[in-house]
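Thanks, everyone; before I start talking about contacts, please bring the sequence and the model up on your screens.

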Amino acid sequence: MKNMLYAGVAAVALSASAASAAGHLVFTPGEGDFNWASYEALKKTQIKGEQVTVFGPWLGPDQKLVESVLAYFAEATGADVKYTGSDSFEQQIVIDAEAGSAPNVAVFPQPGLAADMAKRGFLSPLGQDTANWVRDNYAAGQSWVDLGSYANPQGKKDLYGFFFKVDVKSLVWYSPENFADAGYEIPKTMEDLKSLTEQIVADGGTPWCIGLGSGGATGWPATDWVEDMMLRTQPPEVYDQWVTNEIPFTDPRVVDAIDEFGWFARNDKYVAGGSAAVASTDFRDSPKGLFTSPPQCYMHRQASFIPAFFPEGTVVGQDADFFYFPSYADKNLGNPVLGAGTLFAITNDSPGARALIEFLKSPIAHEVWMAQQGFLTPFKGVNTSLYANDTLRGLGDILLGATTFRFDGSDLMPGAVGAGSFWTGMVDYAGGKPAEAVAAEIQASWDAIK
Amino acid sequence: MENIAGTKSSLSWAVHISVAALVLIWLFPTVGLFVSSFRTADQIATSGWWKAAFPSEQNLTLRTDPPSTQVQKGGQWVIEGNLFGDKRGATISVYGTSSREISTYKAGETGKFRNGATITVQPNGDYVASSDTKWKGGRGPRVFVTAVTPPEFTLRNYQMVLFDPANREGMARAFFNTLTVTIPATVIPILVAAFAAYALAWMDFPGRALLVAAVVGLLVVPLQLALIPLLSLHNDIGIGKGYLGVWLAHTGFGLPLAIYLLRNYMVGLPRDIIENARVDGATEFQIFTKIILPLSFPALASFAIFQFLWTWNDLLVALVFLIDSTGETTVMTKQIVELLGTRGGNWEILATSAFVSIAVPLMVFFAMQKYLVRGLLAGSVK
């Protein structure tokens, strides 16, 4: 019986590896406007048969996409690339690294954890060449280098993380047809957005859908709101100081930004279901209110990934569209953009891992994903006409045209704050607790880990 | 005699009702999950599963056929068709032509669009839309209807989980991998525990009571404590991540309860039989294999069921000790988590996968359940 089982397992495993070895490329090399020269150049690195393991947070459709990109690396260099995803990436990478069975390359969903791993000596530096490359080739290059540079156990700072795949967060999603039915215009300034909000209420509608629910991470959508508000009420330098806690959470400027979010979220008339529903609505269900009949709400502020949670059959660009979450006209702070991104880091050094990082520097790695879905890149060397649709291209333009780009602050704060007390604090705030009290609690938790 | 034993208590109806109520309460979530597994994601998001079996009144946003189907009739540009397309069966009561006024017109009445075009919608969804000017755009205008729709169920979720070409291979592999993990991870601890339990129950040696106490103490040690140290140990001695590692881990984590359960059962076996055997010259090993093992079968079976269910449902131990970064050795639980996508929230997949993955444990349970109750009472009743 057991022998039969093994035989069965072996047969299944064999057929599986045979299937992946056949490696289908989504776009045939040589066809279309892709940068095939960069693909051909990859063939100079031959690491035939070497196994490169990649571990990341992407699952389901995202996993298919990243595998389709890695297939080009495998095809060009002959490497045997294996991607595995996990929904508990943050915990598992730590376990694997601690126990010494880390993958070659890990894809971190946020810099905070990568910085932590670098400090404990689990990451290998990418080298000065890569740092120079990012500085020269990414829009706002220096900020990407800074975000990927951490101190090692000896305190020496190096580039450890290579950013690949970026999300834009400063977006408001809406239904163009509902706006047309009601005769609303897309607001160009924060003042307009606020008056539109009041206008919708006066017309008997509900302007916003806001949902903070996300299982164990409940509260994170509100941190994005506060960060966006911070960038719209204060200069970016103040934002940076806030993220590193040079100015405390209890600073009036931070409390003001929290209250700016409260202006939208704590008014029963402004939010679908009333302000009490904000904390209990799941962020994945929240955007569905845009598409109900009659519409539960007209606008939804969320990052560029959210179309994955629109109801089945929703066509982005027709049924749903986005506009830039505008800035105050009278504050003169330019057009700040809040974003997030995933970064590749080497957790188990090998020639194959190095070759994979080199591959990420070639335009083709970005273009293959761009031409499918859900991928934005700050890489200036790609052909933006390859974006799969106008919506993605529009998002990409926001990224390339940002006067100020800032990374999601909660991802940069220490885990206990950025993935802990900030989240829970915002849930309390949405539930009616005063901003000062919430800020004091978050600051206390930050002081506690200093 | 009738009054002594076996008479029905006058309160037996109360017992029956409470049993029925308890069964219902226990089944309630499972039934919900089962019903949800036949519904689409949008249905799950919009209405509760308990409403699934009844016709429901819904506000729907529908579209007429695209302008490319329009024909010219007597100076008017006309689009005709049925709002529901191929999925008929709903009955429209009222409708509207703007998202702000979704119930302006009764079915059968003629309504107006913002641009002056008109539309007449019948209760069954048939419509005639006509305009003085040519219809433009790629898609037909929206019509908002309030309709009573018949219940609808779908097998698509099961198709997606079991037969979708993208998942099928992974699912089949995960199924065999899971069996490869669970069967040895059930058999090994039982083998070890049966010997240990016999020794602790019937062999006299110094420190036996202390050993039993240590085993009981180990019952309360959370396995999470041991994850990282154990994995580094596996790496140091060269096992790494793999089947051998996960078998050992499951064995270790399962042994305290196994020994405890089996020892308590074996202690309860009649002393006379064992002593008779000793007098007749049986060795300890003969006593164990010829007498103790056959008599302990219910306890062994019930522990086997427990251990099988645990290892089958386990994700944590598999993630730590088995699934390496090549992803070749995935198990069912991991495969299901992957189906949920990066940000989760696919309830329909979750519900369906739950039923797919409990199929094997259910079979094991029904095949061995007659031993379960006897085994559960192991050691508690003499």
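Which residue of chain A forms a salt bridge with Lys241(B), and how far apart are the closest N and O atoms? The partner is Asp96(A), with the closest N and O atoms 2.9 Å apart, where a salt bridge means a side-chain nitrogen of Lys or Arg within 4 Å of a carboxyl oxygen of Asp or Glu.

A word on conventions: this is a predicted model, in which local features need pLDDT of at least 70 and side-chain atom pairs count only at pLDDT 80 or more, while totals for chains, interfaces and linings use all residues. Residues are numbered from 1 along each chain as its sequence is written, chains are lettered from A and ligands numbered from 1 in the order in which they are written, and side-chain values use heavy atoms, with hydrogens and water left out.

Let me stay with the two chains. Across the interface of chain B and chain A the rule finds 9 salt bridges, and it also finds 21 residue pairs in polar contact, both residues at pLDDT 80 or more; a polar contact is a pair of N or O atoms within 3.5 Å, where within protein one must be able to donate a hydrogen and the other to accept it, and residues adjacent in sequence count only if both atoms are side-chain atoms. Contact itself, meaning heavy atoms within 4.5 Å, takes in 47 residues from chain B and 55 residues from chain A. The two chains bury about 4,300 Å² between them, 53% of it on carbon and sulfur atoms, buried area being the accessible area (1.4 Å probe) that two parts lose on being put together, summed over both. Of the area that chain B buries against chain A, Arg100(B), Ser325(B) and Arg343(B) supply 17%, more than any other three residues.

Now to the inside of chain B, which is divided into domain 1 (12-51), domain 2 (56-149) and domain 3 (159-376), with bounds from an automatic or database domain assignment. The centres of domain 1 and domain 3 of chain B, taken over C-alpha atoms, are separated by 30 Å, and 8 residues of domain 1 are in contact with 6 residues of domain 3. Between these domains of chain B about 570 Å² is buried, with carbon and sulfur atoms giving 84%. Leu33(B), Ser37(B) and Ile44(B) supply 60% of what domain 1 buries against domain 3, more than any other three residues. Across this interface of domain 1 and domain 3 of chain B, the rules find 0 salt bridges and 0 residue pairs in polar contact.
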